[in-house]
Amino acid sequence: MTNEPLIDTLGRVHTNLRISVTDRCNIRCFYCMPEENVQFLSRREILTFEEIERFARVTAKLGVNKIRLTGGEPLVRSGLSDLVARLTAIEGINDIALTTNGILLEEQAQSLKDAGLTRINISLDALTEETFRRIARRDGLDRVLAGIEAAKAAGFKKIRLNAVAIKGITEAEVVPLTNFARQQGMEMRFIEFMPLDAENNWQHDQVLRGEDIRRQIEAAIGPLDAADRPDPSQPATDFRFTDGGGTIGFINPVTQPFCEDCNRLRVTAEGRIRNCLFSTVEWDARALLRGGGTDKELVQLIRDCVRAKKPGHGIDSADFHKPQRAMYQIGG
Ligand code: SAM
């Protein structure tokens, strides 16, 4: 049956689609991109909004109900709110989220909200200018903070702040970031550094473990209780401050992989379907979208991709091979 859900060989039902709208970015975080001379895709190579919409429509018929727009930096793609409006109109899609570094959010928050965007995650690794610049290799902290304000003012209710945690660099940021999120009424989430950097410098000992961050926060701020897990496929393990001061999440893909509940499918900016961040294989949807392929052929391609999903990313296995692509080329 063409409209059967996207179930892989381990029974994982795929309802969550991450769409990268560009590989371009306005900062150069060392864990994601090269610092200089980045070879970006040309405009011609990336999917048009029409192509993205068609792809999303086909996946929605197969049970995808959540979309997250990412990149690169999605807000550098012009007219992004037009894409949000197109996706909002697709039957079956009831949640459209965005992951952004926030630098261009002040200008775009209101139009994104008006277009139907439901949720925003803003990346904020540091609250000190020096650490921000050390990671991003560009200025911009003040722009990100202005973007956070603008997102609140536009009426987004569920704003999450995501910080990649890196040993030797961000320990001193953990408590200030957490306090900042609590003051803002937002959820702070710490993400373990994964081997997806462009310069192949990742080392296991640079991973600041989620468990260690949690202990640091409990010692400095106060006790945390495990929160409910309403959605087993959510990447974060959430905790609640016992003083009622909000929740905090830990995304621990390196030390506590959550692959067995993964329901995510990705499409890169140039239309390659991926079943895992760490996949070394891709399925070329653009060839079908531009080559007169039918929706039925597209469905088959998506199913082939889902069926080939491995049980886990295998970062810790002896035969682990880092994907050829870095994070900015996949879409986080
Ligand atoms: N530019 C947007 C942003 O900064 O949120 C969206 C794309 S970015 C690739 C998505 C998320 O992936 C960000 O929160 C980023 O910090 C995270 N990320 C990038 N490289 C990573 C890595 N090697 N390990 C863990 N998280 C990473």
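Asn 263 is placed in the loop between strand S9 (247–251) and strand S10 (264–267), where helices (H or I, at least four residues) and strands (E, at least two) are DSSP runs numbered from the N terminus. The model is a predicted one, in which local features need pLDDT of at least 70 and side-chain atom pairs count only at pLDDT 80 or more, while totals for chains, interfaces and linings use all residues. Residues are numbered from 1 along each chain as its sequence is written, and side-chain values use heavy atoms, with hydrogens and water left out.

With a relative accessibility of 8%, Asn 263 counts as buried; buried means under 20% relative accessible area, exposed over 50%, and partly exposed in between (1.4 Å probe, protein chains only). Its side chain makes a polar contact of 3.2 Å with the side chain of Thr 15. Such a contact is a pair of N or O atoms within 3.5 Å; within protein, one must be able to donate a hydrogen and the other to accept it, and residues adjacent in sequence count only if both atoms are side-chain atoms. Apart from its neighbours within four places in sequence, Asn 263 is in contact (heavy atoms within 4.5 Å) with Val 13, His 14, Thr 15, Asn 16 and Ser 233.

Arg 137 lies in the loop between helix H4 (129–136) and helix H5 (141–153) and counts as buried at 18% relative accessibility. Asn 200, in the loop between S6 and helix H7 (210–220), counts as exposed at 53%.

Leu 98 belongs to strand S3 and is buried, with a relative accessible area of 0%. Beyond its neighbours within four places in sequence, its contacts include Leu 69, Leu 75, Leu 80, Leu 112, Leu 117 and Ile 120.

Turning to the ligand, 18 residues surround it, with Tyr 31, Gly 72, Glu 73, Ser 123 and Met 194 the closest; a residue is near the ligand if one of its heavy atoms lies within 4 Å of it.

| Residue and its atom | Ligand atom | Distance |
|---|---|---|
| Thr 100, backbone N or O | oxygen | 3.4 Å |
| Ser 123, polar side-chain atom | oxygen | 2.6 Å |
| Met 194, backbone N or O | nitrogen | 2.9 Å |

The protein covers 94% of the 540 Å² of accessible area that the ligand has on its own, areas being computed by the Shrake-Rupley method with a 1.4 Å probe and, for residues, with only the protein chains shown counting as cover. Strand S3 (95–100) and strand S6 (187–192) are the elements that give two or more residues to the shell around the ligand.

The protein as a whole holds 10 helices and 12 strands. Its radius of gyration is 19 Å, close to the 20 Å that the globule rule gives for 332 residues, so the protein is as compact as a globular protein of that length; the radius is taken over C-alpha atoms, and the rule is 2.2 Å times the number of residues to the power 0.38. Of the 332 residues, 56% count as buried, and of the contacts between residues at least 6 apart in sequence, 74% join residues at least 24 apart.
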